[in-house]
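The following exercises are to be worked with the sequence and the model at hand. Each task is followed by a solution in steps.

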Amino acid sequence: MTSSGNDHRPQTLTKPAFSEKAAAELVDRVFGLKVSWLRPLPSYDDQNFHVRVLRSREGAEGAQEYVLKITNSQDSQEPELIQAQTQAMMFLSAEGFPSATPHLTKDGNIMSLESGDTGPGNQKYTVRLLTYLSGTPVAKIATNAQILYEIGKLAASLDKALTEKFHHPSVKSLHRGQFIWNLANVPLLEQYIYALGQNKHRAVVEQVIEQFKRKVIPKLSSFRACINHGDLNDHNILVEHSGSLESPEYRVSGILDFSDMSCGYYVFEVAIAIMYMMVESRDPLGAGGHVLAGFESVLPLGAEERAALFLLVSGRFAQSLVIAAHTARLYPDNTEYLMVTAKSGWKHLLTMWELGQEAVEEKWFETAQAYTEHSPALGAAEGLGQEGNKGTE
């Protein structure tokens, strides 16, 4: 399989494979911090460790927690892109968003390029130490209308802040024309569709791609452009709750993983958020309306943007399912993590596709409309019963 440019290929054998011992030594050598304990965290194509360090300050001993992020060797060849992502995290944190910030290296840099301790050739990996954010991933809670609304609101607010106020020189690297995860690039999935085999799943994905090319691509110029986080999924949003266990009130306590940032469109972000929140909901079709309502409380969508929403959500399902199937062939050991979305993703995509655009949009738009007719709190409360209860961790 050939590729024209790094961003085009969704996955090659470039994932780091540092041992825990090597990771602890990295923290000491590069950041000057002594590790008290360290454990691996799941990851798609990078390597992450949850690290606690022993820290001695004048008159005080303390432990602090970080995430050691070792970027895959392919993305590590684009330092300006990683610089843009890290600067965006720092900017968002300064703007009041719950985003991690980097602990500087001993040389005062936000990242360092390091050689791997395993693997073929002399692979180089970008290493960062990011503050650890507390909270529970949305994937592990029983979602309700209130948190879905908050996530929609967050998606709009975050992209708006980045687009209007983030002016670091590295921003130009976010123009990632062939990036496989940018929603504009759903047609690029055709070269990876082989991974699905021949079945009804493949037939639906082929229809999604075909309609996307016909109905979405020609309309891109009518969408409002912005910088997208690009991956507000149920594992990348952390929440903390207050209130009773029966009716918890959630707030977002962490936004993770900026590696899919790219220049795109506001409507892409809400479509991506809707797709991932559907995966975690007892009422998947109902979830979309609450996310949309939260998003539109900050950035109401235009008519062309709304008309594309169904195919954009379907397109993101296709991206997630096709790329996971392709990647699982390269990394059979990581199949369980890679196929997390696939467990229910196929079911949701097939259900959406069978119901059709009109029925699905009617459900989303009616739910969102209810919020404008009442206060957001009342709108959210009315929808609480729809989500069901998955039980908490």
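**Exercise 1.** How many bridges join β9 to β10, and in which sense do the two strands run?

*Solution.* The model is a predicted one: local features need pLDDT of at least 70, side-chain atom pairs count only at pLDDT 80 or more, and totals for chains, interfaces and linings use all residues. Residues are numbered from 1 along each chain as its sequence is written, and side-chain values use heavy atoms, with hydrogens and water left out.

Step 1. Helices (H or I, at least four residues) and strands (E, at least two) are DSSP runs, numbered from the N terminus. Two strands pair if DSSP finds at least two bridges between them.

Step 2. β9 and β10 are joined by 7 bridges and run antiparallel. They form a hairpin, with 4 residues between the strands.

Step 3. Serine 242 has glutamate 249 of β10 opposite it.

**Exercise 2.** Is aspartate 234 buried or exposed?

*Solution.* Step 1. Aspartate 234 is placed in the loop between β8 (225-228) and β9.

Step 1. Its relative accessibility is 1%, so aspartate 234 counts as buried.

Step 2. Neighbours within four places in sequence aside, the contacts of aspartate 234 are Pro137, Val138, Ala139, Tyr276, Met277, Val279 and Glu280.

**Exercise 3.** Describe how helices α5 and α7 cross.

*Solution.* Step 1. The axes of α5 (residues 266-279) and α7 (residues 303-330) come within 8 Å and cross at roughly 55°. Axes are lines fitted to C-alpha atoms, for helices over the stretch in contact, and angles run from 0 to 180 degrees between N-to-C directions.

Step 1. Angles under 35 degrees count as roughly parallel, over 145 as roughly antiparallel, 65 to 115 as roughly perpendicular and the rest as oblique. The two helices, α5 and α7, are therefore oblique to each other.

Step 2. Residues of α5 that make the contact include Phe268, Ile272 and Met275, while α7 contributes residues including Leu309, Leu312 and Phe317.

**Exercise 4.** Over which residues does pLDDT stay under 50?

*Solution.* Step 1. pLDDT is the predictor's confidence in each residue, from 0 to 100. The mean pLDDT of the protein is 88, and 87% of its residues reach 70 or more.

Step 1. Values stay under 50 over residues 1-11 and over residues 377-393. For residues 1-11 the model has 34 contacts beyond four places in sequence; for residues 377-393 it has 39.

Step 2. Where pLDDT is low, the predicted coordinates should not be read in detail.

Conventions
Contact = heavy atoms within 4.5 Å. Buried < 20%, exposed > 50% of the residue type's maximum accessible area, 1.4 Å probe, protein only.
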